[in-house]
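Welcome! Take a look at it first, and then read on.

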Amino acid sequence: MKNILVFLSVLGLDLGTKKWADAMLPLGKRKKIAKNLLYFQHIKNSGMAYHKLEGKRNVILWITGGLTAVYSFFFLRACCGNEEAKRYGIPLAITLGGAYGNFLERWKKGSVTDFIFIDKGKNPPIFNIADAALFFGAILVGIMSLKDKTNM
């Protein structure tokens, strides 16, 4: 049950913050949160990370839909499986919440609302809560998988 709550929380937080960004942040404008570090910058991304495959909505929907389906399978397995599989429930719930957030918005609107900009490094991305959840959830799954392999 807690896995479902985490999934729904991430999904709700993502969709809610995107709705907030659409309502409160002018498209294309940058708003300083922490000087030289953190900004809100509202954009519409019809591609994937760094606008890859921009304008290829159907290709992106097939790719992300397929990956979301695979993660859904592993998530259900984690929810209903043995104790070892259940350990992956929370990281998979985080990842899946992000995946569904971006997939649903792209399917409904044809693009994804990005609004978080960290002004560090070369070519920093503008991203959203779903992107962060996908990133951190996948890192947690990877770390857990590596740890499990080294303990065998």
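**Aromatic rings and the first helix**

Phe135 has a relative accessible area of 48%, so it counts as partly exposed. Please keep in mind that this is a predicted model.

**Ring pairs**

- The count of aromatic pairs comes to eight.
- One of them joins Phe7 and Tyr100 edge-to-face, with 5.6 Å from centre to centre and 80° between the planes.
- This pair links distant parts of the chain, since Phe7 sits in helix H1 and Tyr100 in helix H4 (residues 89-109), 93 residues apart.
- Phe7 is buried because its relative accessibility is 13%, under the 20% cut-off, whereas Tyr100, at 27%, is partly exposed.
- Phe135 and Phe136 also form an edge-to-face pair, 5.1 Å centre to centre with 80° between the planes.
- Phe136 has 51% relative accessibility and therefore counts as exposed.
- Phe7, Phe75 and Tyr100 are linked into a cluster by ring pairs.

**A charge over a ring**

- Arg30 lies over the face of Tyr39, 5.4 Å from the ring centre.

**Helix H1**

- H1 is made of 23 residues and reaches 32 Å from its first C-alpha to its last, close to the expected 33 Å.
- Its buried residues include Asn3, Val10, Leu11 and Asp14.
- Ile4 belongs to H1 (residues 2-24), and its relative accessibility of 35% makes it partly exposed.

Technical notes
Residues are numbered from 1 along each chain as its sequence is written. This is a predicted model: local features need pLDDT of at least 70, side-chain atom pairs count only at pLDDT 80 or more; totals for chains, interfaces and linings use all residues. Side-chain values use heavy atoms; hydrogens and water are left out. Helices (H or I, at least four residues) and strands (E, at least two) are DSSP runs, numbered from the N terminus. Buried means under 20% relative accessible area, exposed over 50%, partly exposed in between (1.4 Å probe, protein chains only). The expected span of a helix is 1.5 Å times one less than its number of residues. Rings of Phe, Tyr and Trp (its six-membered ring) pair if their centres lie within 6.5 Å; planes under 30 degrees apart count as stacked, over 60 as edge-to-face and the rest as tilted. A charge sits over a ring if NZ of Lys or CZ of Arg is within 6 Å of the ring centre and within 35 degrees of the ring normal.
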